[in-house]
2 protein chains.
Amino acid sequence: MKKKPSSEATAAWIRLMRVQSRVLDAVEQDLKKAGFPPLAWYDALLELSRSPTGELRPVELEKQMLLPQYSTSRLIDRLVDEGLAMRRECESDKRGQFVEITEAGRDLQKKMWTSYSAAIERHVGAKLSDADAAKLCGLLDRLGCACGEMAAPLVKDAAQAR
Amino acid sequence: MKKKPSSEATAAWIRLMRVQSRVLDAVEQDLKKAGFPPLAWYDALLELSRSPTGELRPVELEKQMLLPQYSTSRLIDRLVDEGLAMRRECESDKRGQFVEITEAGRDLQKKMWTSYSAAIERHVGAKLSDADAAKLCGLLDRLGCACGEMAAPLVKDAAQAR
DNA sequence: GCGCATTAAATGCACATGCATGAATGGCTG
DNA sequence: CAGCCATTCATGCATGTGCATTTAATGCGC
């Protein structure tokens, strides 16, 4: 059947791709210039630090962030290499493991948030009123949620860092 | 000064990243399942085919798509390898060159558009009314355009394929 | 015309990613 | 309990990407 998208839908698609790419680039650049690791590290550290116990199963991390399994596995490798997290074996299920954030990890997450939040403000907040940001949010949610999963219970304030 | 972003701005940022990632993924998967090359190839072929002469300088291509110079260079390599484009030397400026789309390239672009447009409809059009898509567009533009460049003269109907 | 900064494009090298697969464990079914 | 499929995580290999540098040609100032 191959129905064609309306020109509005197509335009929205193009904007979504281009604008995201630019804004992400800008924010990543800001972080890099401040001497910090990539955003993905922050996301992982944040998820870990948000867990009551400071630890998560790789599988859970993988679902929170939208990464493939192998990608999560290697991200954890790097965090561990840098002393930002530790692997801990899982008693109840010996296939699995836990990843626990270290103090250094928590520190880095907090420090990054300073730069990160400034970058968000600069590249997003400064260009949109709160009302418009909320509208944007609502429209984007309509695209994401119907995607199959719900997966947005704790996302809503995922940056309540510090 | 490091001003903090409002929670609305932060939420919008997070949605922008996550939703784009999901939707892009979905569309790329659709294309891949249909046996087509990555989206970037389509974008490049479209830009080339849109040029009146069917050719562009790599530098121009690089500006249209949001790619770094070396990335464009290698993308062209692949297109040429597959017979979808040809390199042609530039008379007036011997440093430069022209990249010209071939018939095979035009064909592929058109064929991809069938799948591509269906994917856009499925993952964007179907989830948003035209009015909402237009709103989304407007909000996104506010984020992208103030970015420094204008760079959206021909983007507005960049998918007027076929 | 000569030196020199500038622009266009390619490339070597380290590192990241995607994909398929493997290894270990768990759990279900008969 | 035996067989079998599912789950969790790691990894080898090919491919892609980022970054810095190189090569080549231009234009500019003098």
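How many residues does the contact take from chain A and from chain B? The contact takes 53 residues from chain A and 53 from chain B, where two residues are in contact if their C-beta atoms, placed from the backbone, lie within 7 Å. This is a predicted model: local features need pLDDT of at least 70, side-chain atom pairs count only at pLDDT 80 or more, and totals for chains, interfaces and linings use all residues. Residues are numbered from 1 along each chain as its sequence is written, while chains are lettered from A and ligands numbered from 1 in the order in which they are written.

**Side of chain A that touches chain B**

- Helix 1, helix 5 (103-123) and helix 6 (130-145) of chain A each give two or more residues to this side; helices (H or I, at least four residues) and strands (E, at least two) are DSSP runs, numbered from the N terminus.
- Helix 1 of chain A gives the most, with 18 residues.
- By class, this side of chain A has 28 nonpolar, nine polar and 16 charged residues.
- Ala, Val, Leu, Ile, Met, Phe, Trp, Tyr, Cys and Pro count as nonpolar, Asp, Glu, Lys and Arg as charged, and the others, Gly among them, as polar.

**Helix 1 against helix 1**

- The axes of helix 1 (residues 7-33) of chain A and helix 1 (residues 7-33) of chain B come within 10 Å and cross at roughly 130°.
- That makes the two helices oblique to each other; angles under 35 degrees count as roughly parallel, over 145 as roughly antiparallel, 65 to 115 as roughly perpendicular and the rest as oblique.
- Axes are lines fitted to C-alpha atoms, for helices over the stretch in contact, and angles run from 0 to 180 degrees between N-to-C directions.
- The crossing of helix 1 of chain A and helix 1 of chain B is left-handed, meaning that the near helix is turned anticlockwise from the far one by less than a right angle; clockwise is right-handed.
- Chain A makes this contact with Leu16(A), Met17(A), Gln20(A), Val23(A) and Leu24(A). Chain B uses Leu16(B), Met17(B), Gln20(B), Val23(B) and Leu24(B).

**Helix 1 and helix 5 within chain B**

- The axes of helix 1 and helix 5 (residues 103-123) of chain B come within 9 Å and cross at roughly 145°.
- This crossing is right-handed.
- Contact residues include Val23(B) and Asp30(B) of helix 1 and Met112(B) and His123(B) of helix 5.

**Sheet of chain A**

- Three strands form an open, antiparallel sheet in the order 1-3-2; two strands pair if DSSP finds at least two bridges between them.
- Strand 1 (55-56) and strand 2 (85-89) of chain A are the edge strands, each pairing on one side only.
- Five bridges join strand 2 to strand 3 (residues 97-101) of chain A.
- Met86(A) has Glu100(A) as its bridge partner in strand 3 of chain A.
- Helix 4 (residues 69-81) of chain A packs on the sheet and touches strand 2 and strand 3 of chain A.

**Surfaces near DNA**

- 18 residues surround DNA strand C, the closest being Lys94(A), Val59(B), Tyr70(B), Ser73(B) and Gly96(B); a residue is near a molecule or strand if its C-beta atom, placed from the backbone, lies within 6 Å of it.
- Helix 4 of chain B gives the most to the surface near DNA strand C, with five residues.
- Of the 18 residues around DNA strand D, Val59(A), Tyr70(A), Ser73(A), Gly96(A) and Lys94(B) come nearest.
- Helix 4 of chain A supplies the largest share near DNA strand D, five residues.
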